[in-house]
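Open the structure in your viewer and keep the selection tool at hand. The tour goes stop by stop.

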Amino acid sequence: MKSLSSPALRLSPASHPMKGEQFAAVLVNWQTRHGRQTLPWQHTGDAYKVWLSEIMLQQTQVTTVLTYYEKLLNACPKVSDLAAASQQDVMQLWAGLGYYTRARNLHACAQQVVERFGGVFPRDVADLESLPGIGRSTAGAIASLAYGVQAPILDGNVKRVFCRYYGVEGYPEQSAVKKQLWLIAETNVPRANPGQYNQALMDLGATRCTPRNPDCRQCPLNESCVALSKGQVNQLPTPKPKKERPELYFISLLVQDETRALLLDIQPDKGVWQGLWTPPCVPCDEEHQPAALLPEFDQILSRWGLSDAREEIEEQLQRLQGQSWLVHELTHRKMHFKVLALKRSGFHAAFHQLSEKPVPRIVHKLLEQAGRLNESPQSSMAQQDTLDF
């Protein structure tokens, strides 16, 4: 059977899209019967738990968030606990979830809630927006879900619902389009049950009005959806204009001892891995020349007391031409890695077990790549880690 969203089965003509209290009532009724009811931060009235979930759910699926949410909440059951933790502890709890700026903002926000608001999240949307990492939509979610404040939200799921239901064309992040969507959001949020209404919007976008293969047959708005009536469900929201991502190339040095501890160094500079620990890496270009890379590796070996490995590294650099790039895709860049591997015995203060430090997930992938190369030196298998920090 064809999907209801296919042109052959579109509803035509659509009734006029609902607005305001009428729109909200339909969604609240649907959420009561069909929405998500068992998420651990739901029905708690706890702004701390709502805030944690909202920050974690930015750019991340619920199924992925659940484990991290439980781990962080167990370690820091109150916002004061999170504020008192070290940034390294917070990064360790977050490691693998990606988009690490969220973790740094999470820690800074907790500290400000304690310092400025006595450890209690404010009810006022403007006060919430003044905190690190909390934008207008997140502030509206916290205020409505935790405190019952009549505040609109406009996250990615909600933008998709509004664009399809009201037939809003244009990339949603463009200023004029976003302004139109916020006006819709403000108009529709009801006086009664604003939290359940906002939860309904998020649930609808997550379970029915999904980016791909939306379940239009089970959508409570299908009789008056503009995109459905015009056969535009797969065209809305208008995609982001494509932009070339920069492609970066690195040679990574993996040094392990007999306990499989790895040479790691903290990344102090601003960037996607700020505050995380990684093996030494040397930037290069796609057509890397071993002779050009050796001086930089000489400096790394000297820094870590590994100068006796120079000849071994020089030989490995010569063999890199036959090694495939490991591709690591992030939202705004595409990274390529090749690996050099050394084994060293004995205690070294810079060697750490991966469980001891917050490391990006690419470190695990690099170790897997090194293992494959050790097992099969001729291996040319490249691994891809899509949108995965």
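Buried means under 20% relative accessible area, exposed means over 50%, and partly exposed lies in between (1.4 Å probe, protein chains only). This is a predicted model, where local features need pLDDT of at least 70, side-chain atom pairs count only at pLDDT 80 or more, and totals for chains, interfaces and linings use all residues. Residues are numbered from 1 along each chain as its sequence is written, and side-chain values use heavy atoms, with hydrogens and water left out.

**Stop 1: strand β6**

Select residues 326-329, strand β6. Helices (H or I, at least four residues) and strands (E, at least two) are DSSP runs, numbered from the N terminus. In a regular strand, side chains alternate between the two faces of the sheet. Are the faces of β6 covered or uncovered? Both are covered. Leu326 and His328 lie on one side, Val327 and Glu329 on the other, and all are buried.

**Stop 2: strand β7**

A hairpin of 4 residues links β6 to β7. The two strands pair antiparallel over 4 bridges; strands pair if DSSP finds at least two bridges between them. Find His328: its bridge partner in β7 is Met335.

**Stop 3: strand β1**

Now select residues 247-256, strand β1. Here 8 of the 10 residues are buried, so β1 is largely enclosed by the rest of the structure. Look for Glu247 opposite Lys334 in β7. Phe250 has Pro283 in β5 as its bridge partner.

**Stop 4: helices α2 and α3**

Select residues 47-56 (α2) and 62-75 (α3). Their axes come within 10 Å and cross at roughly 140 degrees. Axes are lines fitted to C-alpha atoms, for helices over the stretch in contact, and angles run from 0 to 180 degrees between N-to-C directions. The pair is therefore oblique. Under 35 degrees counts as roughly parallel, over 145 as roughly antiparallel, 65 to 115 as roughly perpendicular, and the rest as oblique.

Which residues meet here? Tyr48, Lys49, Leu52, Ser53 and Met56 in α2 meet Val65, Tyr68, Tyr69, Leu72 and Leu73 in α3. Contact means heavy atoms within 4.5 Å.

**Stop 5: Glu368**

Finish in helix α15, residues 362-375, at Glu368. Glu368 is partly exposed, at 41% relative accessible area. Leu131 is 237 residues from Glu368 in sequence and 40 Å away in space, C-alpha to C-alpha.
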